[in-house]
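Trainee: I would like to learn how to read a sheet and its surroundings from a model. Could you take me through one, step by step?

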Amino acid sequence: MAQYGLQYGDQDRGKFSLERPENYIVDAYWRPSASRVEMARRSGQIVLGHALMLRLDIARRVTKIFPLYTMPDNAKFLDPKYGQIKSIELVVGDEKFSPDYSFDTVDDVEAYIAEGLPKGLLTDPNFGLGFDRRLKFFTDNISKLEGVNNVRLLYREDYEEVSLSDEGKTYEISYQLFDELRRAGGRSDAAAQEQSRRRKTQIGYTNLLTRLDPKKFPLTPLDRKPDDIANAIGPAMIDVKLSNKDRSSIIRLAKETVRKSLRSEGSGLAKLHEEIELASLDQLIKIIDTNISKCLPESHWQQQFTLNPFILDMTFGAPMVVVQGQAHVGGKLLDGSGEKIADFLMRNRMTDSVALVEIKTPQTELLSKKEYRGGVYGPSSELAATVIQNLDQIGKFSEEIHLTRSKNGMYDLRGHGIKGVIVAGVMPDAPKRRSLELYRSSLHGVWIITFDELLVKLKSLRDLLSGALA
């Protein structure tokens with residue numbers, strides 16, 4: 001068995017002493033050697049003589065181990081090795097763990113420890129017993145469970161899961177699952193060592209040979225084996241602590257392999273595309289939801305719509321595409337003034353008809369503060385002026401559509417049915433909503449949509465995509 005830490009000769013090994021507190025129960029106390037005691041005292045540790053390391057319940061066929069720190073240079077000499085986890089129980093249903101030992105003598109107990117304990121457990125009392133050092137991931141995770149002080153390994157064919165018992169003080173796990181974890185950890189260690197060996201070989205090659213003679217020893221890519229990445233990620237690893245460098249590498253790798261992967265992983269790539277769209281949508285919803293109550297300038301919202309033009313597409317019942325932001329739509333006078341500029345010019349992808357969009361802010365007042373009469377509120381001066389501005393833009397663009405088409409041949413723009421869209425304000429309180437609906441439904445060729453209405457549309461789209469990905 002591999003040994004770790006300080007090494008001692010036979011004369012420095014501790015000894016067991018046996019006690020029988022009850023019939024069919026044998027307690028094995030470990031007493032450190034004189035040299036270990038002396039070293040511990042020189043290190044300022046208090047040595048109490050001996051400590052219980054093993055209890056054998058012969059009648060119930062239960063072995064209970066109390067792992068200890070046995071290195072005298074450790075400040076926790078003779079204390080429990082795993083902190084809050086004080087013991088490990090081996091419960092058997094056959095001869096797997098417990099051969100037919102009499103346990104009458106120390107030799108019997110030591111023979112049982114050496115031969116009868118399952119794989120994954122230390123068999124040298126001088127190293128404190130307990131779990132193999134390579135299973136630290138096992139004890140570290142169970143230690144996160146508050147109140148758990150005992151781990152019970154059950155060797156029963158009818159038990160293959162994990163659970164808590166003894167009022168939450170015992171963590172139970174089947175030996176089958178424990179052994180799977182042990183072997184998986186071993187494979188992970190071996191793979192990491194092999195990857196490290198290959199990486200060090202490449203570092204040596206690059207710095208010792210390539211530096212000397214680049215022509216004879218050209219740079220070569222890392223000797224990576226198939227499935228290295230899959231094995232590193234694992235079937236269910238979720239790592240939210242990725243650095244920007246990690247993310248850039250993942251994106252670059254995906255970009256370089258996407259065409260090859262399309263043939264073998266087409267459905268997976270489609271799923272990835274949907275996940276990216278959903279993540280982008282979640283981010284956009286968060287931005288709008290966070291900023292909708294802030295007094296931000298129109299330029300901020302125009303930038304958001306420029307970066308995410310599909311939001312504008314959602315304001316229509318037809319497939320629209322942004323042709324130009326800050327679009328010049330006509331009206332220039334001889335002195336160069338008077339040019340009409342729309343925030344966005346959009347085109348119907350099926351009919352080539354045009355829509356001109358004006359973006360205001362969520363703080364834009366939509367209705368007058370003063371009631372006109374009988375619960376009726378008129379449009380605010382700002383909203384009314386924006387409507388007139390939008391109608392004026394439509395008129396100028398319609399007048400100059402032929403000139404615009406001739407100078408912008410790449411777009412087959414049509415002047416029939418030009419629409420105007422105003423994104424402004426938020427939905428007013430209930431008493432005023434009727435007035436807003438009456439006003440905007442009376443407008444011909446101009447639609448008014450509020451920021452919170454757009455936000456609800458985005459959330460509905462997110463819910464739809466989430467359901468499709470579930």
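Predicted model: local features only at pLDDT ≥ 70, side-chain atom pairs only at ≥ 80, totals over all residues.

Trainee: Through what do the strands of a sheet pair?

Mentor: In general, strands of a sheet pair through backbone hydrogen bonds, in either a parallel or an antiparallel sense. Here the pairing is mixed, in an open sheet of eight strands with the order β1-β2-β3-β4-β5-β6-β8-β7. The edge strands, each pairing on one side only, are β1 (15–22) and β7 (162–165). Averaged over the sheet, and with direction ignored, neighbouring strands are turned by 20 degrees against each other.

Trainee: Which helix packs on the sheet and touches β1, β2, β3 and β4?

Mentor: That is helix α2 (residues 106–116), which packs on the sheet with contacts to β1, β2, β3 (51–57) and β4 (62–65), and whose direction makes about 100 degrees with that of β1. Helix α4 (residues 175–210), for its part, lies across β6 (150–155), β7 and β8 (170–174), and runs at about 80 degrees to β8.

Trainee: Why is β5 described as largely enclosed by the rest of the structure?

Mentor: The reasoning rests on burial, meaning a relative accessible area under 20%. Six of the six residues of strand β5 (residues 87–92) are buried, so the strand is largely enclosed by the rest of the structure. Both of its faces are covered, with Ser87, Glu89 and Val91 buried on one side and Ile88, Leu90 and Val92 buried on the other.

Trainee: Can we apply that reading to a single residue in a helix?

Mentor: Take Phe451, which is placed in helix α13 (residues 451–469). Phe451 is buried, because its relative accessible area is 3%. Leaving aside residues up to four places away in sequence, Phe451 touches several residues, including Ile292, Trp301, Phe305 and Ala424. Phe451 and Ala424 are 27 residues apart in sequence, while their C-alpha atoms are 6.2 Å apart in space.

Key
Residues numbered from 1 in each chain as written. Heavy atoms only, no water. Helix = DSSP H or I, 4+ residues; strand = E, 2+ residues; numbered from the N terminus. Buried < 20%, exposed > 50% of the residue type's maximum accessible area, 1.4 Å probe, protein only. Contact = heavy atoms within 4.5 Å. Pairing = 2+ DSSP bridges. Axes fitted to C-alpha atoms, helices over the stretch in contact; angles between N-to-C directions.
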